[in-house]
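Please read them beside the coordinates.

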Amino acid sequence: MNKFYLAGALLAASSSVLAAEDNNRNSNNPLAAFNPAFSVIFNGMYYHDNVDGEGADLLEDADSAFHSHGGHEEHEHDELKRGFNLNETELTMSGSVDSYFDAWLSAAISSGGDFELEEAWVRSQSLPAGLQVKAGRFLSGIGYHNEKHPHSWNFADQNLAYLSLFGDHGVSGDGLQLTWLAPTDSYLQLGLEILQGDNLERAGSVIDAEEIAEDISAELATDVAAEDLNLADQNGPQLGVFTLRYAPDLGARRALQLGLSAARHQDSQAFHEEGGGELFVTEGDTDVYGAQAVYKHFPTGQYGKGGWSLTGEYFHADSDQEAVYHSDPAELGLPVTSEQGAAYVEATYGFAPRWQIGLRTAASGIGGEFSEGDETEEARLSRQHSAAVTWYATEFSKLRLQFNRNDVHGDDGNEEYNQVFLQYNLSLGAHGAHSF
C-alpha cells in the first residue's frame, strides 16, 4: 500500500464513524452546498463535585515543578461552576480557496459574550515534493490531542497531563508550519513550526509584566514598574516545534500512528511567590519532549459498534532560568530550574450502535523537581481517573455522562474528590472532517 492511499485512508477514518450512516441528512442540508462550510457548535453541561464547586480550580492549581503563579498571558475561558454551565460556543468556517490554498477559521464565544479567535490559517495544496505550508494562527502539532478542538474530545474536560503543562487550551499561536511527507510506502511526515510563543500557559509561559509589577507593588507596599522586572522584549518568534509522525500499513480495518515531538521556548518567563514572602521573576529556556501512540480498530457493525481505540501520550518538560527580579536584591541572578513529566492513556469502545464508553487515566508531576539555588524540592504526583458514556444521536449531536476521581496535590496538601459532568454537544451546519 503506498503512502498516498494510506494517508487517504487515515483521513477518511478520522471523520465520525456515523458520517456514512447519516449521509442523507448532510445531503439535505443546504449549508453543505456552500463554500466555505460554516458551523456553530453548542457545548454545555451540568456539573457537580463534592468540594463546594472548587474541583476545576484544584486541578488547575495542582502542585507542579513549574512554580509559576498568576500574570500569565492565558486564554480566557468560562469558569466551571456547580450546576448548569453554558461553555464556549464555537464558530467554524472552512473550505478551499482555490486549487492552491484552503483555509480554516474558528472562534469561541464565552458565556459572558467575550469573543476569542482560536484559529485562522491558510494552507498550501499544490507544493511539490510532499511539502505543505500552513500560516496564521493554529493549534500546534506538538501532541496528538493538542490538535483537536474540545467538541471532538472523547471526554468532557481537558486531561490532567495537558492541563498541567499546556493549560486548558493546549499549545497554539501565530506562526508558520512546514510539513514534509516522505516518499515511502509507509506514512512518514516530518514537521517544523515557528511560533511567536506569546500565549502559552504553564511550562514555557510568558507573563504580563504590567500585572506582575502591580501585584509585587501591592505585596511589598513599594513602587515596582514593569521595566524593573528586567524581562527581555518578546519581539519575534520565541517557540520552535519539531514533529515526526509514522503510520505503518496495517490494512483497511486498523490504523496505528506513532509520534515524537520536541519544542524549545526562548526567554520563557515565570512569576514565583514562595514561602517567607519571597517574590521573584525568572526568565530562561524551556524544553518539552513528547511521545505519542494512537491505535484504532474501525467498527465492524453499524453506527460505530465494535470500533475501539487506544491513545497514550507522555511529555517531559524542563526549564533552566535565572532570577531577573527578586524581592531580595542579593538573590538577583539566582539559578532556578524545574522539570517534570505528565502522561495520559485513554481507551474508547463502541459497545452498541451510537453508544461509546471511554476510560482515561492521567498523571502530572511525574519525576518533578524544582530547584532554587542550592535548594531542591520534589513536586508531588497528582492523578486523575475518568469514565464516560457517550450517546451519538447523529454525527451532529451527542450527549455524555462522565465521572472523574481526582487525587490532587496542591499548596494545602492532598485533596481527593469526585466530579460529575452531563454534557451536550451539537453542531449546526456543515463541518469539515476531523484529523485522524
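Which backbone oxygen does the side chain of Thr-184 reach?

1. The side chain of Thr-184 reaches the backbone oxygen of Ser-186, at 2.6 Å. Thr-184 sits in the loop between strand S7 (172-181) and strand S8 (187-195), and with 33% relative accessibility Thr-184 counts as partly exposed (buried means under 20% relative accessible area, exposed over 50%, and partly exposed in between, with a 1.4 Å probe and protein chains only).

2. This is a predicted model, in which local features need pLDDT of at least 70 and side-chain atom pairs count only at pLDDT 80 or more, while totals for chains, interfaces and linings use all residues. Residues are numbered from 1 along each chain as its sequence is written, and side-chain values use heavy atoms, with hydrogens and water left out.

3. The chain has five helices and 18 strands (DSSP runs numbered from the N terminus, helices being H or I of at least four residues and strands E of at least two). Of its 436 residues, 49% are buried.

4. The structure holds eight salt bridges (a side-chain nitrogen of Lys or Arg within 4 Å of a carboxyl oxygen of Asp or Glu). One of them joins Arg-245 and Glu-147 at 3.4 Å, N to O; because Arg-245 lies in strand S9 and Glu-147 in the loop between S6 and H4, the pair ties together parts that are 98 residues apart in sequence. Arg-245 is buried, at 9% relative accessible area, whereas Glu-147 is partly exposed, at 27%.

5. Arg-360 and Asp-157 also form a salt bridge, with the closest N and O atoms 2.9 Å apart. Arg-360 belongs to strand S14 (residues 355-372) and Asp-157 to the loop between S6 and H4, so this pair ties together parts 203 residues apart in sequence. Arg-360 is buried, at 5%, and Asp-157 is buried as well, at 13%.

Terms used
A polar contact is a pair of N or O atoms within 3.5 Å; within protein, one must be able to donate a hydrogen and the other to accept it, and residues adjacent in sequence count only if both atoms are side-chain atoms.
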